[in-house]
Every structure is written in C-alpha cells, then in structure tokens.
Protein chains: 2
Amino acid sequence: MELSDLKVFLAIAEERNISRAAERLGYVQSNVTARIRKLEEELGLPLFYRHPKGVSLTDKGVTFSEYAKNILNLSEEAVQVVKETEFPSGPLAIGVVDSVTCLDFMDTLAEFQRRYPDVSLSIWSGTSSDLLTKVLDHQLDGAFVIGEFDSPHLVSEHIQREELTLVTSSHMRGFPDLSLTRWAVSPAGCPFRRALEAWLRSEGVSFDNIIEFSSLETLIGCVRSGLAATLLPASVLAGDYSAFGSFPIPEQYRYTQTCLIRRKDRYSSKAFVAFSKLIVDSMAV
Amino acid sequence: MELSDLKVFLAIAEERNISRAAERLGYVQSNVTARIRKLEEELGLPLFYRHPKGVSLTDKGVTFSEYAKNILNLSEEAVQVVKETEFPSGPLAIGVVDSVTCLDFMDTLAEFQRRYPDVSLSIWSGTSSDLLTKVLDHQLDGAFVIGEFDSPHLVSEHIQREELTLVTSSHMRGFPDLSLTRWAVSPAGCPFRRALEAWLRSEGVSFDNIIEFSSLETLIGCVRSGLAATLLPASVLAGDYSAFGSFPIPEQYRYTQTCLIRRKDRYSSKAFVAFSKLIVDSMAV
DNA sequence: TGCAAGCATCATTATTATTGATACCGAAAT
DNA sequence: ATTTCGGTATCAATAATAATGATGCTTGCA
C-alpha cells in the first residue's frame, strides 16, 4: 500500500465513479480500476460496491477513507513543514467571507504580497459555513468568518468587531417603515441575515418580503438603486456613503465578530503566522 | 513520496547506516542510497549528513522522521482496523513486567488462546519503563506495568493491588535484622526495588549490601537458598511457601498497583478489548 | 432490441525499482 | 606513505510494476 494508492482510492470515493476519478487523476480508466482492485486484494476485502452507474463505498471503505484522508493530510504537512524556509514562503490558502472582501482587507493583502513575495497566496471566498467546512477539511489553512464557531478541531481568534447598520438607498429619506420595507439578503446561513431576522422578529415584523442575492456586490447594487434595504457593516459600503442611508439598529443585534479560524491540529506555517499577524496589526489601527 | 520511501528513510534513520538499513530491508545498498537521494531531491533538502562511518539525521530529518513514524503508524492501523473481523483475530502484542509472569497470569493467557484461537498473541516481558517506551512507540498494543505512569499519550487501568512482603529463605528464622541483611534486587527502575530503597532509607539502613539480578527467577532462587532477602509480592512465590519466610512491611511501602496501559490515540482492536476484559475478570475473582 | 454508461480484462508499452559491479572517500592501522 | 576497512555514490543492465488502448461484459433505459 502506497500513498498514491490512497490518493486513487479517495478520488474514486469522492467521485463515486471510477472513470471520472481516472480523468481527475489524469489516468486512464483501466489503470484506476486495476489499482483499486489491487488495493482491495491487498486488504482482502472490497472497498466499493459496484453498481451500473458507478461505485459506492462499503462500510469498511468508509472507515478506510477516514484513515486515508488523515494519512494524506499528514504526509502533505510533513513535506510542507520540512520544506519551509526561515522566511515565509510556499502556498497559503485563506478563506474570506464575502462581506470582508470589500474592506481595506484588499490593501492588507497587497501589503502581504509585497512583504512576502515567496508566498503564493490564494484567497477563497464563500459563506462562513462553507469556509468552516473547507478549513475542517484541510482545504484552507485558515479563514475569516463572521460569528462564533465551536468545534473541538478549531481555534479561533477575534479579529474585529463589526457594527451592523440598516442600509438603504440615499433616495429614501430617513429611517424606513420596517413593515413596508423590502429586504435584500444573502442566502440562508449568512450571519447578517440571521441578525436581520432576529431583529425583525423582535419588532414583530414578518420576514417574507425578501430578495436573495448570492453575491454581495449585486446585493449592494440593489440597495443602492433603492429596490430594497439590508443589514450590513457600514464598512462594506466602501466609502461610497453618499449613495446610501445608514441607520443604527438596536444594540442587541448591532455587533458581529470577525474571527480568524484554523484547525487546532494543523501545523501553522511561517507564512500563515506572518499573515495572521499582519492582519491583526492592520485591523488594530 | 510513498509509504515505502518513508520506511526506507526510517530504517536508515534508525540504523544510522545505509548499508545496514539495506540489509534490514532486504535490499541492496545501492538501491537504498538511490531511494533516499531521490527522496531528498524530491524534498529539495538533505535529510542526512554523510560521514565516513555512516549517516546521521539533519534537523529537518529529525522533524521529518517524526512525521514519518506517525504516518506509518496510521497506515498500519488503517489496514488493521479494516481487516478486523467481528470475532477477535489478528496480531496482539502485550507487554508484561517480569514479576507478573509468575502469577496465574499464564493460566489466563492459556484461556485467552483457547477462546480466541485466531489471535496471534505475543508476550513481551521487561521492566515497567522498557514496556512503557514500547507502548508509546507503537511496538506493543498494551502492557501490564507496576506503578503509576503519567503521560498525556497513555490511558491506564488499574488491574490489581499487590501486597509486597519481605521475603527471606525459610532457613532464616523470624524477621531479620535489616542492617545485616544482604538484598537481592532487580535492576534500577524496578518499582519493588524503589519501594525497598524507600523503606530502608526510612529505617536509617544503608542500601549498599545488594546483589542485582536481571532475571526474577534467578533472584528468587538466590533468596530461596538463603543468600539474600528481597521485597516482592507474595503471589510471586507461586505457592512455594514452605521454602520462604514472608513478613509484612510498613503499610506505607506495602502496596503496588498493577496497571494495564495503552496509548490513548491507538485504536483498540477487538482482540485487545477481549484480552483486557478477560484479564480484568480473571483478576477480580 | 439497441444504445449508452460504466467497470473489467488483457496484451503491449513505458516507467520505475532493483541489482551488481565498481568508483570513491576518509580514518585508522601498518 | 600505503594499505585496508567500512562506508556511500554512480551507472549500466535487468526485473518489476504501472499505465495505456482496445475490447468485452453487464445493466438500465428508451
């Protein structure tokens, strides 16, 4: 049994299809078939059920896949750790919730690239829970998410407290009538949306006059044009204050936390440490 | 990088000598040299210093070897877990301190073999600290040791409280004069010896009139012949009471604990669980 | 009945690992 | 100084293994 066998195995397990796994791995189907059969023979048991439309893991296969993931993660970490130089370098994958990408966060990124040109930084954006999954799955070194997350595998560091405001178009004058307002929101799971829901519920206002946006840019565009209002950190409006009206909301719902999360058991590369330090410093200003 | 590369790497690291590692692995030296060089090239850094009399790990090599061990342990565990059948089977390596091997422990072993013939049991004996090391090193599934051990990687289960007695030959009559007694002891590190030392110190008796035995059998033989006295659990004398005199010692030094230790993070096979259950039950009687 | 999608098989080829012979290197012995 | 010894490195030849491409087999579905 070799690490490459585990990679092949996991590819099949994820694709639930040998042909697709072969394609993904850049091999030919017969090869992948042969390898997985060899592995099964070596273990003396089937890892997959074969059905006409693909394959699926047996119980033992499920168990084995957990081990396989751990083993491969560990082997990657070993290589990374040992290759690491004194100066931050190598790949660094960071997740950022959409709402943060609008901040002067971008400036900080540029600064990071300038200081540490040997780090190849890749930024993923997504919802907090997407990013959470990716961090737990070793697909990201760390992520900036909104809200508190509690997992035995994570550590999180508070980066910044954001102040949510009720944002409207500047065409509308003054604090709107909540019950008559149409709301622009992110898909379910977004902490801003949850805060909005909680607030409106406490005001006794129903929450069905909503439009959902998967992209924050579009959402903001919609608010700017006066189609709807929303709840966002004022900082997201990126200085374009003249186009918007911004109103405080009750203190109970006003604050959200941006946290940097990472896996407890994952080795923090020099690049990661440098990155998180730079972010914390720049946020503190 | 493959698991076999890690095995080659670790063999060299342990032997500190490529030729010996090759021999141990059943390869020819040039092959092992080539493989390790290929691995080093892949990592882009040397794992070993070469000197005229062999090789030694670089700093990075030390780091890498820690990962390599973990990865290989995990991969072995993966195979073992997945191969495991409903009924206990497979290899089971247990360590037992010398002093326990004399008990009716052997009967329990025989019973275990009878009940679970598919388990290939191997018993290692040694001192408590030897066994401790082997358990931590994944060389043993578990071990019976005397005394309390505290390691974040271990869990231990109390099996039995042993009562230490002052053992003399039946030739000598009555409680001996401690200051005139010659003592037969196990090598340093044995908990019985430590207890004896502590007791004698508290009595103000010096502890230099000693003979060391590496084998408990020989030690007991020596005591039987009247050459020396010692401190042992009465149970060790194996029913041969007529040949010995046995005297209680102060309560403070009288008791030792036999514990079953195992690694916290190690998967407990069905065989191990069955074994430890059988032992606990048989001790409870 | 005839696809189409998917896994299995197999002969062939490409790649990689292993060997065995030999070169090399430094330390210790002569 | 020279040899010898215990070790690693190199390299051409060979053995073993992995990958390919073509084809066969099964099943669900139209």
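Student: Is A:Gly44 buried or exposed?

Tutor: This is a predicted model, in which local features need pLDDT of at least 70, side-chain atom pairs count only at pLDDT 80 or more, and totals for chains, interfaces and linings use all residues. Residues are numbered from 1 along each chain as its sequence is written, chains are lettered from A and ligands numbered from 1 in the order in which they are written, and side-chain values use heavy atoms, with hydrogens and water left out. Buried means under 20% relative accessible area, exposed over 50%, and partly exposed in between (1.4 Å probe, protein chains only). A:Gly44 has a relative accessible area of 64%, so this residue is exposed.

Student: Where is the place of A:Gly44 in chain A?

Tutor: Helices (H or I, at least four residues) and strands (E, at least two) are DSSP runs, numbered from the N terminus. A:Gly44 sits in the loop between α3 and β1 (48-51) of chain A. From C-alpha to C-alpha, 25 Å separate A:Gly44 from A:Tyr27, and the two are 17 residues apart in sequence.

Student: How many helices and strands does chain A have?

Tutor: There are 10 helices and 11 strands in chain A. Of its 285 residues, 48% are buried.

Student: Which residue forms a salt bridge with B:Arg114?

Tutor: The partner is B:Glu111, with the closest N and O atoms 3.1 Å apart. Because B:Arg114 and B:Glu111 are 3 residues apart in helix α5 of chain B, about one helical turn separates them. B:Arg114 counts as exposed at 59% relative accessibility, while B:Glu111 is partly exposed at 24%.

Student: How is a pair of aromatic rings described, and how many pairs are there over all chains?

Tutor: The description uses the distance of the centres and the angle of the planes. Rings of Phe, Tyr and Trp (its six-membered ring) pair if their centres lie within 6.5 Å; planes under 30 degrees apart count as stacked, over 60 as edge-to-face and the rest as tilted. The count is 14 aromatic pairs over all chains. B:Phe112 and B:Tyr116 form a tilted pair, with 5.0 Å centre to centre and 50° between the planes. The planes of B:Phe112 and B:Phe275 stand at 85° with centres 5.0 Å apart, so this pair is edge-to-face. It links distant parts of the chain, since B:Phe112 is in helix α5 (residues 105-115) and B:Phe275 in helix α10 (residues 270-284) of chain B, 163 residues apart. Both B:Phe112 and B:Phe275 are buried.

Student: How many residues does the contact take from chain A and from chain B?

Tutor: Contact means heavy atoms within 4.5 Å. The contact takes 23 residues from chain A and 23 residues from chain B. Between chain A and chain B, the count is 0 salt bridges.

Conventions
A salt bridge is a side-chain nitrogen of Lys or Arg within 4 Å of a carboxyl oxygen of Asp or Glu.
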